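The sequence and the coordinates are shown below.

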Amino acid sequence: MTSVSSEGDTYTEQMETFPDISELIEFFFTLVLHLNKRLDSPTAEDLVMMKPKVIVKKARQPGTRLRRRKLKYQMKLVSCGAQHVGVVRNGNLYTWGRQLHGRLGQGDLVPENPTLVPCRVDTLHQLQIKVISVSCGGEHTVALTHQGLYSWGSSLYGQVGVELRHMYSRPMLVNLGHQCISVVCGLFHTLALTHDNQVYSWGWGVHGQLGHGDPEDQLTPKRIEALSDKQITSVSGGYCHTLALSSQGEIWVFGCGYFGQLGLGHTTKQSLPVKMEKIPHKVKLIATEYFHNVAVTIHNVVYNWGCHPYNLRLNAHAVRRARQAGTAVSDPVERFLAPEIVDTSFVHGRIVKASCGKSHTCLVTLDGDVYTWGRNMDGQIANNSRQDVKTPSMVTSINDKQIIHISSGGEFNVAMDSEYSLWVWGKNEFGQLGLDPTDPGRRLRPSSNMKEQLLPTRCTALPSVKPAQSRHLMLSRSRSSSSDDELLLSDDEDFVPHIPDLQSDVGVKYSRCVVLTILEHLPSVCNCLKLLRTYVDHQDWLSAAYICLHQTNYSQALSFHLSALSHYKSSLDSRFTEVMCGSQVFCNRKRRNLQNFVVTQIMKFWEKHSLQTSELEDILQTHKDCFACSLCTTLFWMKTGETSTEITNEFRSSFSMRFKFKILETVIQAISDTEFERRHPALYQMLSSLTIKQNVSSISNLNPFNQLWHDVIQNLQKEHTNYIYITRGELDHLDENLHTSRRSSSSEPNAVVFTCGHNYTRQTFIEEIMTKFEKEITHGHTKLEKCGSILMQYYQRPGMLCVACPKCVVNALHN
């Protein structure tokens, strides 16, 4: 294997002979696949699916201390401002869109009309300055180069950073004094991150968004002293606030909080960085552009907070109309003041990038899929309509393009795929999409006062990427990717993660667990989508489940895991229930939006294989706090017109009444929680529409006799009792009463005996016991008029009474 030099043409030449590590990893996975297919006997521990953290911890030997290294360049090849775009291509910077205030850097001779097609920033090209990264603000642009930081555009608030409030139409060198590795623009302020984790800010500061403890504008870069010891690894700027992410996964916020931008639960401004405590887990990714923010945790959970004033006004009008109609609605501002979990049920894979527009948000997964949600008046959601979307949905028209970069402007987006082609969609009022409107091949739809693109369209005006730069970009992207949990790396120039001994540390030699081990340690060189297809083609369901688990695609991991359990069920025998209890799908409780899916899939699996319902009850009982609300929806709200793929009513009826009562008890406790409506909207809506009939006259509406009698017998068996205990005295008293009472001419039994031991003659039960029970249940201390009417109909049924003793019911209510 030839060593790699980083100088001159030697680097390019030797890159040709350097083996592709992704191909080596793929070959290793293929060997593991065929080895395990030949063995074809996974242990119960394999099927339990070990958690990723367990394997990762094995990789770290006791006493091993990771040294901190300096941060490397954070390449941002695409950036969108409010109405213009900048793209790095072959070391040159290309800009287009609105030209006002010199934000495109094209010089004084260029008219202020919109630039519809990408144009190179010739000042940097003529000086042979190679651009690494670009960031666009509201009316200014900043480029990070090997020779330093260059900025241009409007400097009304000092956001250009060259000491004067002026308009600069050509790039100006910013005197930062330290090696900058990342630059980010807010709308009217600028942020720079250096290699030693220091943050500098300059520009508009009236709301405290510069973090210096005062409302003054800064005309030149100034270090944020309050963040000097926080080990900041990423920054993001909004309209008038700033976010900073530390190596420990903590978010520090400062600036204006009037519209909930800071996520602190109040609207007070903060001129110094304040730690946001509202997200309980470590954060790996932050994004903001205007007023709302997005954060992604290491568990792939997405949070958002803050709201655009226009959207807030729309919500206020909707609340006012609802209150006028007599509906109780909470204050619309409160839900935006603190982070709220985003429903990512339809997001498959690990989220690696996020971007925010004015009122919409974009996510990119490790497999290159794009998901969008928010307002859609200008087509920024890319679903070929103007309908707003409330939850992330995939942009299906580019789901095969492997998107690696994305940036959002005001109402538009620009994305770059793995072949470095640009895809644009959304508003195009100032030519910010870089499309020629005279081109008949474009699906550009003009309207009365604007133009927009409702579906992603390729922007072909940029030059192609040179092969040398393409290989360099791929290597840089691979090396700059780190795992979610490992933010501190070594001082070595070429860091190689320590991988445990795959022959011993993960159990069986080269078992399927090594799939998860490699994915956790080398995520940037593993093509998860290709690996998943390979394992599915070979029907290795367990390895496929490991891959989905690594991508936090829990719904798909559950499906594959159940397929593996079906395949190996006969070899597990008595340990099957143990495997189900230890399954990762039950252990993970972080995703409330998957609970209904998990419950439905497990029940389908149980019914398909005709397994004992009592075993499933034991499993669900262990996790009833997590799944109670989903179970309540599944068990008690039977939809009409169910298809064969859904759970049948017969299977629902097979659950014991004791189990159903425990589920209802848990749900009743959950209803008292103030967050119940937000956490379980479907169940809340069902309960709100629930009405109890005053008179249930039809006996057919009651539970079937056979089911009630089966539950009685099952309860007796659980208590290891096969008889009803009655003393000799009670039996003699009952016999005496039967002889003295008038006999009924019907075939009805003359005695009523309950499993608790209480016994009466039929006449005494109807005339005395039932009269007292009805009076107590309707007028006593425990009024249950509606439930009492239903119970009375159960007691009045002919034949056997498969219901609890009325005296015991009253005593239980009193207790």
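Predicted model: local features only at pLDDT ≥ 70, side-chain atom pairs only at ≥ 80, totals over all residues.

Glu163 sits in the loop between strand 7 and strand 8 (167–174). Although Glu163 is not a glycine, its phi is positive, at about 80°. As background, most residues other than glycine have a negative phi.

Ala382 likewise has a positive phi without being a glycine, with a value near 65°. Its place is the loop between strand 23 (370–374) and strand 24 (389–394). Is Ala382 buried or exposed? Its relative accessible area is 6%, under the 20% cut-off, and therefore Ala382 is buried.

For the protein as a whole, 25 helices and 31 strands are assigned. Of its 815 residues, 49% count as buried. Among contacts with a separation of 6 or more, 59% are between residues 24 or more positions apart.

## Helix packing

| Helix pair | Axis separation | Crossing angle |
|---|---|---|
| Helix 14 (residues 595–608) and helix 16 (residues 624–636) | within 9 Å | roughly 60° |
| Helix 16 and helix 18 (residues 657–671) | within 9 Å | roughly 115° |
| Helix 23 (residues 762–779) and helix 25 (residues 806–814) | 10 Å | about 20° |

The axes of helix 14 and helix 16 cross at roughly 60°. This angle makes helix 14 oblique to helix 16. The crossing is right-handed. On the side of helix 14, the contact is formed by Gln595, Asn596, Val598, Val599 and Met603, while helix 16 supplies Cys626, Phe627, Ser630, Leu631, Thr634 and Leu635. By class, seven of these residues are nonpolar and four are polar, with no charged residues.

Helix 16 also packs against helix 18, and here the axes cross at roughly 115°. The crossing of helix 16 with helix 18 is left-handed. Helix 16 contributes Lys624, Asp625, Ala628, Cys629, Leu631, Cys632, Leu635 and Phe636, which meet Phe659, Lys660, Ile663, Leu664, Thr666, Val667 and Ala670 of helix 18. The contact of helix 16 with helix 18 comprises 11 nonpolar residues, one polar residue and three charged residues. Leu631 and Leu635 of helix 16 take part in the contact with helix 14 and also in the contact with helix 18.

How are helix 23 and helix 25 oriented to each other? Their axes pack at an angle of about 20°, and the two helices are therefore roughly parallel. Helix 23 and helix 25 cross in a left-handed sense. Phe765, Ile769, Phe773, Glu776 and Ile777 of helix 23 face Pro806, Val809, Val810, Leu813 and His814 of helix 25 across the contact. This contact of helix 23 with helix 25 holds eight nonpolar residues, one polar residue and one charged residue.

## Buried serines and cysteines

Ser151 is located in strand 7 (residues 148–154). Its relative accessibility is 0%, so Ser151 counts as buried. Apart from residues up to four places away in sequence, Ser151 touches His140, Thr141, Val142, Gln159, Val160, Arg170, Pro171, Met172 and Val174. Ser169 is 18 residues from Ser151 in sequence, with a C-alpha to C-alpha distance of 9.5 Å.

Ser79 lies in strand 1 (residues 78–80). With a relative accessible area of 1%, Ser79 is buried. Ser79 and Ser408 are 329 residues apart in sequence, yet their C-alpha atoms are 7.5 Å apart in space.

How many disulfides does the structure hold? The number is zero. Of two cysteines considered individually, Cys805 counts as buried because its relative accessibility is 4%, whereas Cys808 counts as partly exposed at 29%.

Key. Residues numbered from 1 in each chain as written. Heavy atoms only, no water. Axes fitted to C-alpha atoms, helices over the stretch in contact; angles between N-to-C directions. Helix = DSSP H or I, 4+ residues; strand = E, 2+ residues; numbered from the N terminus. Parallel < 35°, antiparallel > 145°, perpendicular 65-115°, else oblique. Left-handed = near helix turned anticlockwise from the far one by under 90°. Contact = heavy atoms within 4.5 Å. Nonpolar A, V, L, I, M, F, W, Y, C, P; charged D, E, K, R; others polar. Disulfide = S-S within 2.5 Å. Buried < 20%, exposed > 50% of the residue type's maximum accessible area, 1.4 Å probe, protein only.
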